[in-house]
Amino acid sequence: MVTLDVHENMQRLADSGVVAVMRGADADTIIDVADALNEGGVTAYEITADNPDAMDLISEVSASFSDREAIVGAGTVLDAPTANAAIQSGAEFVVGPNFDEGVVETCNRYGTLVAPGIMTPTEAVNAFETGADLVKVFPASSLGPGHLKSMKGPLPQIPMMPTGGVGLDNAADYIEAGAVVVGAGGALMDDEAIANGDFDVITETAREFSQIIDDARQD
């Protein structure tokens with residue numbers, strides 16, 4: 001994929017509504033899973049860097065879509081060297097479970113969208129002032145949609161992406177609380193369906209997520 005403007009990539013994340021966290025992805029099925037998600041309307045894919053094949057998978061998934069069909073990024077990025085490797089492999093956005101200045105600075109240097117992990121208003125402001133484009137509120141399940149809404153009150157200028165425990169039953173709550181996009185892993189990635197090659201299950205869940213997000217945004 002060709003790297004686009006950071007603001008355009010932010011819009012592409014928002015348009016997807018959901019960032020699919022593809023933790024533990026397998027090279028034999030990742031393209032099928034990405035295709036299934038895409039068919040269901042989820043067009044943002046986060047391949048986590050704790051996978052030993054992550055950089056190869058980022059390159060492979062990026063190459064399988066045209067520039068505007070999907071946006072592919074790296075997750076669980078803890079340090080600047082990993083961020084750099086992901087960017088060189090084609091990652092169009094970088095996500096971390098924590099806030100690391102080196103990761104943000106590296107992404108800024110290469111014009112790559114970056115979302116460090118935060119939980120408190122102080123962390124959110126520090127990350128944003130360092131150059132984060134949005135912040136990953138993680139783990140979202142620990143404090144719920146009310147926590148995000150409370151932070152958005154005094155910090156409306158900081159785009160937020162709750163991740164960790166977001167599912168079909170609460171995705172709308174996070175959108176209504178002010179999330180620009182949500183991250184979902186286990187709620188989207190049905191391991192049994194993937195192992196059985198039943199990718200229609202992935203498509204249907206993605207479609208349900210997309211509809212819930214769309215409905216919440218219209219309320």
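This is a predicted model: local features need pLDDT of at least 70, side-chain atom pairs count only at pLDDT 80 or more; totals for chains, interfaces and linings use all residues.
Three bridges join strand S7, residues 135–137, to strand S8, and the two run parallel. Here a strand is a DSSP run of E with at least two residues and a helix a run of H or I with at least four, numbered from the N terminus; two strands pair if DSSP finds at least two bridges between them. Val-135 stands opposite Met-160 in S8. The open sheet has three strands in the order S6-S7-S8, with parallel pairing. Its edge strands, S6 (117–118) and S8 (160–162), each pair on one side only.

Residues are numbered from 1 along each chain as its sequence is written, and side-chain values use heavy atoms, leaving out hydrogens and water.

Let us turn to Glu-92. This residue lies in the loop between helix H4 (80–88) and strand S4 (93–95). Is Glu-92 buried or exposed? Glu-92 is buried, its relative accessible area being 1%; buried means under 20%, exposed over 50% and partly exposed in between, with a 1.4 Å probe and protein chains only. Its side chain makes a polar contact with that of Arg-12, at 3.1 Å. Such a contact is a pair of N or O atoms within 3.5 Å; within protein, one must be able to donate a hydrogen and the other to accept it, and residues adjacent in sequence count only if both atoms are side-chain atoms.
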